[in-house]
Amino acid sequence: AATLSRPDVRTDFPGLLTEDGERWHYLDTAATAQKPQAVIDAMANALGKDYATVHRGVYSRSAQMTLGYEAARRRVADFIGAKEQEVVFVRGATEGINLVAYSWGMANLREGDRIMLSQLEHHSNIVPWQIVAEKTGAKIDVCPLTDDGLIDLDALEDVLTERHKIVALAHVSNVLGSILGAKRAAKLAHSVGAKLLLDGCQTAPRMRLDMNELDCDFYVFSGHKLYGPTGIGVLWAREELLGAMPPWHGGGAMIEKVEFERSTYAPPPQRFEAGTPMITEAIALHAAIDYVDALDMESLFAHESGLAAKLRDELREINSVRLFGPEKSAGIVSFAMEGVHPHDLGTILDEENVAIRAGHHCAQPLMQHLGVPATARASFGLYSDESDIAALVRGIERTQKIFA
Ligand code: PMP
């Protein structure tokens, strides 16, 4: 099905070939996305002919770099329907959640308060809250899943209380591809006076985002899953909320005035960007957003959710395969093969130039819930197509023969 405006997108990605120049069936985009040449070029130029520091230089190269860095922030804001002063550059989603947990959490949580997470969260949306819970005396509650692996919002409605100060949920699960009913989650959280943080790591590369429409309070995602470089991510928060949050890292660039008696801090977003920032990464993220936006986010969603549905249909035909997660997936399919450890499957598939992920996917509580130590996971990107599915299914059938 032609869901993308340009069917030849694969040629933009040098990483999609093997060393021998053969097609690499890369099905691990949920871990990290391959980069289009436009992003590689943007990064090379930023590190090369354009390179200088930002914010401090009086010479023109530095002034240019500062414009580039701030243009990247405006591009992110535009991409997610936000104001530029609400966009904080961080190293990735993990750092974004840690920032909220420490800055907002330490200032707002106390003994008796509750933090609501869900059974399918990534470790990066669990452990920061545990650390802060330990320091503040707040306690963590876990929202259960429906039978098909969605965060159960009926259950959330029943268990939320006025003691819950924050609800932190994956917008799309990195293991199951489940899509959260985000607007309802926001309504439920706000009805008890709690804030809602959404982990948008798997959403930002696959769905059109509009912060106003979503009505959450915090949103985080990583650049490297959005076809940009590693080392850059975004924390978005409402202006008033960010403005009321204390800094968490101290250093250069986040201050107004420094004296040994006391320092005062810059307004957000600078307050949360101590030190020389990820200049080249931000500029390359800008190029990545230009790239995906030109293909249209709605087409990307249709493309990858369509591939996930097709893969599920094909895997259902194979007796030894057990499928996890909902029928409607954003582009991520987890499964297990009877009598074959996912790692063995991954190794055999690798011989056929098919790359999947095997393991707990940084979601051990979800593995416990599914009753397996690990799953095999195929995840699609904008460059995936039906030939990747065919190669995966061939590899699974060969594995079945080997283990028979
Ligand atoms: N949350 C989800 C849902 C993820 O998929 C990931 C990455 N696997 C993360 C958080 C963490 O992102 P990062 O490692 O880029 O900080």
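**Close-up views of the predicted model**

**Figure 1. A cis peptide bond between two prolines.** Pro 269 lies in the loop that connects β10 (263–265) with α9. In this predicted model, the peptide bond running from Pro 268 to Pro 269 is cis. Its omega angle is near 5 degrees.

**Figure 2. Packing of helix α2 against helix α9.** Helix α2 comprises residues 60–79 and helix α9 residues 279–295. Their axes come within 9 Å and cross at roughly 40 degrees. Because angles under 35 degrees count as roughly parallel and those from 65 to 115 as roughly perpendicular, α2 is oblique to α9. The crossing of these two helices is left-handed. On the α2 side, the contact is made by Met 65, Gly 68, Tyr 69, Ala 71, Ala 72, Arg 75, Val 76 and Phe 79. Helix α9 contributes Ile 279, Ala 282, Ile 283, Leu 285, His 286, Ile 289 and Asp 293. Classified by residue type, this contact holds eleven nonpolar, two polar and two charged residues.

**Figure 3. Packing of helix α11 against helix α13.** The axes of α11 (residues 342–351) and α13 (residues 386–403) come within 9 Å, with a crossing angle of roughly 120 degrees. Because angles over 145 degrees count as roughly antiparallel and those from 65 to 115 as roughly perpendicular, α11 is oblique to α13. The crossing of α11 and α13 is right-handed. From α11, the residues Leu 345, Ile 348 and Leu 349 meet Leu 392, Gly 395, Arg 398, Thr 399 and Ile 402 of α13. Five nonpolar residues, two polar residues and one charged residue make up the contact between α11 and α13.

**Figure 4. The surroundings of the ligand.** The ligand is surrounded by 14 residues. The closest of them are Gly 92, Thr 94, Asn 174, Cys 201 and Ser 222. By class, the shell around the ligand consists of five nonpolar residues, eight polar residues and one charged residue.

**Figure 5. A positive phi angle at Asp 215.** Asp 215 occupies the loop between α7 (211–214) and β7 (218–222). Although Asp 215 is not a glycine, its phi is positive, at about 65 degrees.

**Figure 6. Confidence of the prediction.** Across the protein chain, pLDDT averages 96. A score of at least 70 is reached by 100% of the residues. The model has an ipTM of 0.98 and a pTM of 0.97.

Definitions and conventions. Residues numbered from 1 in each chain as written. Predicted model: local features only at pLDDT ≥ 70, side-chain atom pairs only at ≥ 80, totals over all residues. Axes fitted to C-alpha atoms, helices over the stretch in contact; angles between N-to-C directions. Helix = DSSP H or I, 4+ residues; strand = E, 2+ residues; numbered from the N terminus. Left-handed = near helix turned anticlockwise from the far one by under 90°. Contact = placed C-beta atoms within 7 Å. Nonpolar A, V, L, I, M, F, W, Y, C, P; charged D, E, K, R; others polar. Near = placed C-beta within 6 Å. pLDDT = per-residue confidence, 0-100.
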